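Colleague: I am new to reading protein models, and I would like to go through one slowly with you. Could you give me the general idea behind each feature before we turn to the case at hand?

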Amino acid sequence: MMEKLRVDINKVVEMLKEENYNKVVIVHHDDADGICSASIFKKAIEEELNVKNESICLEKLYPQAIELIGERYRESLIVFLDLGSPHAKLINSKLTLDNDVIIIDHHDPQRVESEKLKHINPELYGFSGESDASASTMTYLVAKSLHSGIVKYSFLAVVGSAEIPGEFKGLNLIPLNDGLKLGVVMI
């Protein structure tokens, strides 16, 4: 399953590099995992792509919020971080006519086949979103593939992953080990 995850991450990175978006809208959850995910993604696109972006922090992703985002941000890339997976079908039906969409999450996902929607979630690759990977870890993996310098922000993924109870395991070990090697994380 790691190979499929790598392939899908590369598709997201290709889309980010090739489409030359005028604006990226980052919609993220209001907890540590969501805020860290947004920070990681924002740093990656600013440092690698130099693209304008805007953040929207939400407690819950209501259908009305999806519709308002679609109305306000036509022809932008819309990225959902730490929320979105449970609403992937609605997001696809409401937003992909005018926008490209990326969902990076770890909550129970809805499966959607769409050229305009890229969906990165550990549950889609045989990992547990409840123990193996947080949204900030999944965002870190995408950001690291886009911009190798993002490893200096590995601590953000570690902070977001700390919301998952228990020992670090699975994909969450990747930013932890990167952070330990760089000395930006201590155990």
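Modeller: Let us begin with pairing: two strands pair if DSSP finds at least two bridges between them, and the strands (E, at least two residues) and helices (H or I, at least four) are themselves DSSP runs, numbered from the N terminus. Please keep in mind that this is a predicted model, in which local features need pLDDT of at least 70 and side-chain atom pairs count only at pLDDT 80 or more, while totals for chains, interfaces and linings use all residues. Residues are numbered from 1 along each chain as its sequence is written, and side-chain values use heavy atoms, with hydrogens and water left out.

Colleague: How many bridges join β4 to β5?

Modeller: Strand β4 (residues 100-104) runs parallel to β5, and 4 bridges join them; within this pair, I102 stands opposite K118 of β5. Strands β1 (residues 23-29) and β2 (residues 52-58) are also parallel, joined by 7 bridges, and there V25 has E54 in β2 as its bridge partner. Between β1 and β2 the chain passes through helix α2 (residues 32-49), and this β-α-β crossover is right-handed, a word used when, with the strands pointing away from the viewer, the path from the first strand over the helix to the second runs clockwise.

Colleague: What do the two faces of a strand tell me, and which residues of β5 lie on each side?

Modeller: In a regular strand the side chains alternate between the two faces of the sheet. A residue is called buried under 20% relative accessible area, exposed over 50%, and partly exposed in between, with a 1.4 Å probe and protein chains only. In β5, L117 and H119 lie on one side and K118 and I120 on the other, and as all of these are buried, both faces are covered.

Colleague: Why is helix α6 described as largely enclosed?

Modeller: Helix α6 (residues 154-161) has 6 of its 8 residues buried, so it is largely enclosed by the rest of the structure. The buried ones are S154, L156, A157, V158, G160 and S161, and their cover includes α2, α5 (135-146) and α7 (173-182). V159, also in α6, counts as partly exposed because its relative accessibility is 44%.

Colleague: What does D178 touch?

Modeller: Contact means heavy atoms within 4.5 Å. D178 belongs to helix α7 and is buried, with a relative accessible area of 12%; leaving out residues up to four places away in sequence, D178 touches Y140, K144, V151 and S154.

Colleague: How is a pocket told apart from a cavity?

Modeller: On a 1 Å grid over the protein atoms alone, a cavity is a set of points where a 1.4 Å probe fits but cannot get out, whereas a pocket is an open set with protein on both sides within 12 Å along at least five of seven lines, and lining residues have an atom within 4 Å of a point. The largest pocket has a volume of about 470 Å³, and of its 16 lining residues the closest to its centre are K4, D8, V112, E113 and H119. Both α1 (2-18) and β5 (117-120) supply at least two residues of that lining.

Colleague: What is the volume of the largest cavity, and which residues line it?

Modeller: The largest cavity has a volume of about 40 Å³, and its lining includes S131, S161, P165 and F168. F168 sits in the loop between α6 and α7 and is partly exposed at 26% relative accessible area.

Technical notes: Grid points are joined across faces, edges and corners, and a volume is the space filled by probe spheres set on the points.
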